[in-house]
Amino acid sequence: MAAQSFNVAIQGYWRERNKSGTPTHSGVYFVYEASYNQQDETVSLHKLIYIGEAANVRERIAGHEKYNEWLKHVRPGNELCYSSGSVETLYRERVEAAYIFKHKPPENTEYKNKFPFDTTSIKSTGKTALLNVNFTVDRT
């Protein structure tokens, strides 16, 4: 593999109550602690909890085995919130690993301290709160 760049258009945000609206695409997804402002109908993200990848983001989020672990990061009055970006199946794990290595979410274990891929550059657009939008990660 050689150095490679990826553009990830991130969509979101889906609150816990409407996570069934998350896309069914192949890609990466982000799990946050958030608060909802009912008057403005907006969410405010407070903490990035987890980053994952899946062939079908909606199905993966709906049945994730770490769901109860995610909830431990949610303070009273707040809730889980999700976003996702489409990534070609061939590159999902590499893109996920780059995001994890750069952001080190508390519920991820793999890729937090080691990046086993060639130099990878990520440019994120769209719903990018709490994410570095342009970064490069080198093999460690």
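## About the model

The model is predicted: local features need pLDDT of at least 70, side-chain atom pairs count only at pLDDT 80 or more, and totals for chains, interfaces and linings use all residues. Residues are numbered from 1 along each chain as its sequence is written, and side-chain values use heavy atoms, with hydrogens and water left out.

## The sheet

Let's begin with the strands. Six of them form an open sheet in the order β3-β2-β4-β1-β5-β6, with mixed pairing. Its edge strands are β3 (42–54) and β6 (134–137), each of which pairs on one side only. On average, neighbouring strands of this sheet are turned by 30° against each other, direction ignored. Strands here are DSSP runs of E with at least two residues, and helices are runs of H or I with at least four, numbered from the N terminus. Two strands pair if DSSP finds at least two bridges between them.

Strand β2 (residues 27–37) pairs with β3 in the antiparallel sense over 11 bridges; here Tyr-36 has Val-43 in β3 as its bridge partner. β2 also pairs with β4, again antiparallel, over 8 bridges, and Gly-27 stands opposite Ser-86 in β4.

Why is strand β4 largely enclosed by the rest of the structure? In β4 (residues 79–86), 7 of the 8 residues are buried, so the strand is largely enclosed. Buried means under 20% relative accessible area, exposed means over 50%, and partly exposed lies in between (1.4 Å probe, protein chains only). β4 is joined to β1 by 5 bridges, and the two run antiparallel. Among the residues involved, Gln-11 has Ser-84 in β4 as its bridge partner.

## Arg-15 in strand β1

Arg-15 is found in strand β1 (residues 4–15). This residue is buried, with a relative accessible area of 13%. Not counting residues up to four places away in sequence, Arg-15 touches Tyr-36, Val-43, Glu-79, Leu-80 and Cys-81. Contact means heavy atoms within 4.5 Å.

Helix α3 lies across β1, β2, β3, β5 (120–126) and β6, and runs at about 130° to β3. Axes are lines fitted to C-alpha atoms, for helices over the stretch in contact, and angles run from 0 to 180 degrees between N-to-C directions.

Glu-96 lies in α3 (residues 92–103) and is buried, with a relative accessible area of 9%. Leaving aside neighbours within four places in sequence, Glu-96 is in contact with Val-28, Ile-51, Gly-52, Glu-53 and Tyr-111. Glu-96 and Val-28 are 68 residues apart in sequence, yet 6.1 Å apart in space, C-alpha to C-alpha.
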